[in-house]
Amino acid sequence: MIDSSASVNASTLAAVERLASSVRVRRRVASTNLLVFGAGILAVGVGGILDDATAPQSGDSALVVPLALCLIWVVTSIRAHRSGVHGYRVGYAAVVGVSVVSLLFGLVPFSAVVGSVTLLGVGFLILGWRERSRPVWITAAVGIVIGSLTAGQSLRQAMGIADDSASNMLSTFLIAAFGVVVLAVGAWMFLAESREVKNLVG
């Protein structure tokens with residue numbers, strides 16, 4: 001009797017997980033988050049290059065954080081409205097709200113210390129974890145590491161990384177290159193999700 005009940009519970013959980021997975025695919029959770037995340041990282045990197053790579057993640061690049069998070073919130077909301085497939089209690093609005101309010105409480109100078117890519121990674125790590133999307137939160141975790149290693153002067157010195165023009169240049173191009181990689185992964189995930197959606201519909 002116990003074995004039968006456990007078997008039923010296991011099959012029910014498996015069915016729920018399959019349903020949740022199909023909902024994530026239809027909402028294109030992984031690809032959308034990765035494409036916006038990658039675009040945000042690339043914007044920080046390109047901004048640093050245009051700034052002669054003197055500051056890999058300057059305080060002004062902190063504006064990318066709320067902009068990227070607002071963008072992912074808007075895109076997912078529009079897609080959910082059009083498709084009728086919603087993701088409940090994920091927390092997009094809450095993450096966006098925190099990032100916007102943080103602008104009033106020192107987000108810009110704080111990002112100059114820990115790095116805009118680091119903060120962006122934290123935001124997408126939360127969203128990826130809440131969405132139960134492994135590609136998103138793993139990529140975001142890597143972004144946090146790269147953002148920390150290429151962050152502001154004080155943090156880099158604390159980690160024993162030289163703070164000179166060559167190091168700044170390398171950090172800036174590393175950020176931009178990582179942004180391109182994340183965009184490529186996002187595009188690959190979009191194609192994979194398209195195939196899965198086609199199989200679900202077919």
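At what angle do H5 and H6 pack, and how far apart are their axes? The two helices pack at an angle of about 105 degrees, and their axes are 6 Å apart.

## Basis of the model

This is a predicted model, in which local features need pLDDT of at least 70 and side-chain atom pairs count only at pLDDT 80 or more, while totals for chains, interfaces and linings use all residues. Residues are numbered from 1 along each chain as its sequence is written, and side-chain values use heavy atoms, with hydrogens and water left out.

## Overall fold

The protein chain has nine helices and zero strands. Helices here are DSSP runs of H or I with at least four residues, strands are runs of E with at least two, and numbering starts from the N terminus.

Of the 202 residues, 40% count as buried, meaning under 20% relative accessible area, with exposed over 50% and partly exposed in between (1.4 Å probe, protein chains only). Among contacts (heavy atoms within 4.5 Å) with a separation of 6 or more, 80% come from residues 24 or more positions apart.

## Nonpolar core

The largest nonpolar core has 30 residues, of which Phe-37, Ile-41, Leu-69, Leu-120, Phe-124 and Leu-127 touch the most other members. Such a core is a set of buried Ala, Val, Leu, Ile, Met, Phe, Trp, Tyr and Cys residues joined through side-chain atoms within 4.5 Å. At least two residues of this core come from each of H2 (29-50), H3 (64-83), H4 (92-102), H5 (107-114), H6 (116-130), H7 (134-149) and H9 (165-201). H2 gives the largest share, six residues.

Beyond its neighbours within four places in sequence, Phe-37 is in contact with Leu-120, Gly-121, Phe-124, Thr-139, Ala-140, Gly-143 and Val-182.

## Packing of H5 on H6

The angle of about 105 degrees makes H5 roughly perpendicular to H6. Angles run from 0 to 180 degrees between N-to-C directions, with axes fitted to C-alpha atoms over the stretch in contact; 65 to 115 degrees counts as roughly perpendicular, under 35 as roughly parallel, over 145 as roughly antiparallel and the rest as oblique.

H5 contributes Leu-107, Phe-110, Ser-111 and Val-114 to the contact, and H6 contributes Ser-116, Thr-118 and Leu-119.

## Aromatic pairs

There are two aromatic pairs, counted where ring centres of Phe, Tyr or Trp (its six-membered ring) lie within 6.5 Å; planes under 30 degrees apart are stacked, over 60 edge-to-face and the rest tilted. Trp-129 and Trp-137 form an edge-to-face pair, because their ring centres are 5.4 Å apart and their planes lie at 65 degrees.

Trp-129 is exposed, at 56% relative accessible area, whereas Trp-137 is partly exposed, at 27%.
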